[in-house]
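Subject: Structure handover

Dear colleague,

Please find the structure below. My notes on it follow.

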Amino acid sequence: MHTNGTSWRLQCTINGQPIDTEVEQDETLLFFLRDRLGLTGTKGSCLEGECGSCTVIVDGQAVNSCLVLCPQMQGRTVETIEGLANGDKLHVLQEKFLASGAAQCGYCTPGLIMAAKALLDENPNPSEQQFFEGMEGNICRCTGYAAICEAIRSAAREWK
Amino acid sequence: MFFQPRHVDEALEIRGRMGSDVTPLGGGTDIVVTINKTSMRPKHFLDLTHLPDYTHVVRDNGNWVLSAGATFSQLGKLPMKALAAAAMTVGGAAIRNTGTIAGNLGTASPAGDGCVALMAIDAEVELTHATRGRRTIPIHEYFTGFRRTALLADELITGVRLRTDWRTAWYKIGKRGSINISLVCAAFGMSPEGGVRMAYGCVAPIVMRTRLAEEIIEKDGLTDAAIEAAAQSVMKEVAPIDDHRASANYRRAMCGVLARRLLRELRIKNTG
């Protein structure tokens with residue numbers, strides 16, 4: 001399988017919706033989500049895998065969408081922050097972030113929530129070490145981390 | 001062109017035909033950073049992430065066999081202490097989920113934590129060509145210069161083999177535990193036959209072993225006097241530079257500290 005020229009016919013699933021569209025071979029998943037699909041919940045900041053604001057879930061694993069080229073998503077299943085709520089019903093992580101006041105500017109929040117979802121989907125009862133290993137790639141520059149950790153832990157207690 | 005082969009033979013054929021005109025792509029955690037930050041655009045990509053068995057890690061006859069696409073998350077679960085600990089200091093979870101051992105070897109940074117760990121256990125790197133077949137070279141012959149390796153432009157890194165029965169130790173000095181490039185890192189290994197490997201990252205243009213120090217320990221064992229002599233030797237053998245992360249003098253001193261710490265750890269602990 002290969003491209004003609006530098007475009008690629010991408011077929012994948014994003015938030016449960018089948019995608020079938022042309023992408024550029026060196027276009028990152030981050031800007032495809034934001035600029036082509038209008039899914040601007042996923043943020044970009046450092047563009048080198050240090051901040052975690054672009055975190056999405058691909059086939060069940062947390063991934064930095066700024067470091068993935070679109071054609072690599074062929075046949076994959078992508079979840080973004082927009083896919084979490086069920087209509088008006090927020091996901092438990094979203095509810096707990098609100099309840100704990102775990103956001104100030106909010107820029108890091110979608111990435112934090114997706115990293116936390118990947119962590120808890122794999123292991124709803126992480127040890128202290130597993131918790132930090134799962135979350136250490138996501139940086140917040142304004143709240144401090146206490147409220148964020150509290151939100152994730154209280155979501156874990158209600159994890160289904 | 002963007003190639004996304006579904007069979008390894010197809011991947012090898014493309015690489016064999018196109019050589020350095022095509023950029024092999026694994027997790028993308030190095031290459032896509034370059035795309036994001038510079039005007040560099042590879043003309044042709046060879047995406048290896050859809051190959052079958054690309055991420056396999058299997059045990060075979062006293063060896064661990066890592067497929068090229070084994071991720072740092074996978075390596076972090078191996079019962080090989082230095083490699084697992086090194087893997088868990090790479091990036092955050094999202095980087096570890098995509099970054100691969102072949103990518104670490106391909107980038108061949110002197111700060112490549114995974115490369116340092118492999119150097120401490122005499123890993124072997126499998127380099128494969130479409131028609132010439134597979135050759136296996138010892139890791140200490142793999143790195144040939146700053147970001148230069150024995151990989152030929154028409155070959156792919158297809159796997160890494162390492163023995164399961166070495167005792168190992170690891171320590172990374174950095175400003176944080178992860179998401180953080182090492183200032184100095186070290187991985188030491190001892191084979192059941194008494195062979196000693198002392199590997200360092202960030203203290204030379206390539207990941208290096210301090211062979212004179214290794215010989216001291218192999219000859220005299222892990223006595224206090226031998227450990228101190230080895231630490232002194234290490235500080236002479238390494239060739240660190242000053243840069244924005246640390247001074248050469250600091251790095252050199254830390255190499256001695258790590259020699260003492262890790263050799264004592266190997267002396268105390270019987271497993272791992």
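For the helix packing described here, axes are lines fitted to C-alpha atoms over the stretch in contact, and angles between N-to-C directions run from 0 to 180 degrees. The model is a predicted one, with ipTM 0.94 and pTM 0.94.

Helix pair in chain A

Helix α2 (residues 92–100) of chain A packs against helix α5 (residues 146–157) of chain A at an angle of about 140 degrees, and their axes are 8 Å apart. Angles over 145 degrees count as roughly antiparallel and those from 65 to 115 as roughly perpendicular, so α2(A) and α5(A) are oblique to each other. The crossing of α2(A) past α5(A) is right-handed. On the α2(A) side the contact involves Val92(A), Leu93(A), Lys96(A), Phe97(A) and Ser100(A); these meet Ala147(A), Glu150(A), Ala151(A), Ser154(A) and Ala155(A) in α5(A). By class, the residues of this contact between α2(A) and α5(A) are 6 nonpolar, 2 polar and 2 charged.

Domains of chain B

Chain B has a mean pLDDT of 94, with 97% of its residues at 70 or more. Its domain assignment gives domain 1 (2–44 + 55–163) and domain 2 (167–268). The C-alpha centres of these two domains of chain B lie 24 Å apart. Domain 1 of chain B gives 23 residues to the contact and domain 2 of chain B gives 24.

On the side of domain 1 of chain B that touches domain 2, the elements giving two or more residues are α4 (81–88), α7 (113–119) and β8 (143–145) of chain B. The largest share of that side, 5 residues, comes from α7(B). Its classes are 14 nonpolar, 6 polar and 3 charged residues for the domain 1 side as a whole.

Regards

Note on methods:
Residues numbered from 1 in each chain as written. Chains lettered and ligands numbered in written order. Predicted model: local features only at pLDDT ≥ 70, side-chain atom pairs only at ≥ 80, totals over all residues. Helix = DSSP H or I, 4+ residues; strand = E, 2+ residues; numbered from the N terminus. Parallel < 35°, antiparallel > 145°, perpendicular 65-115°, else oblique. Left-handed = near helix turned anticlockwise from the far one by under 90°. Contact = placed C-beta atoms within 7 Å. Nonpolar A, V, L, I, M, F, W, Y, C, P; charged D, E, K, R; others polar. pLDDT = per-residue confidence, 0-100. Domains from an automatic or database assignment.
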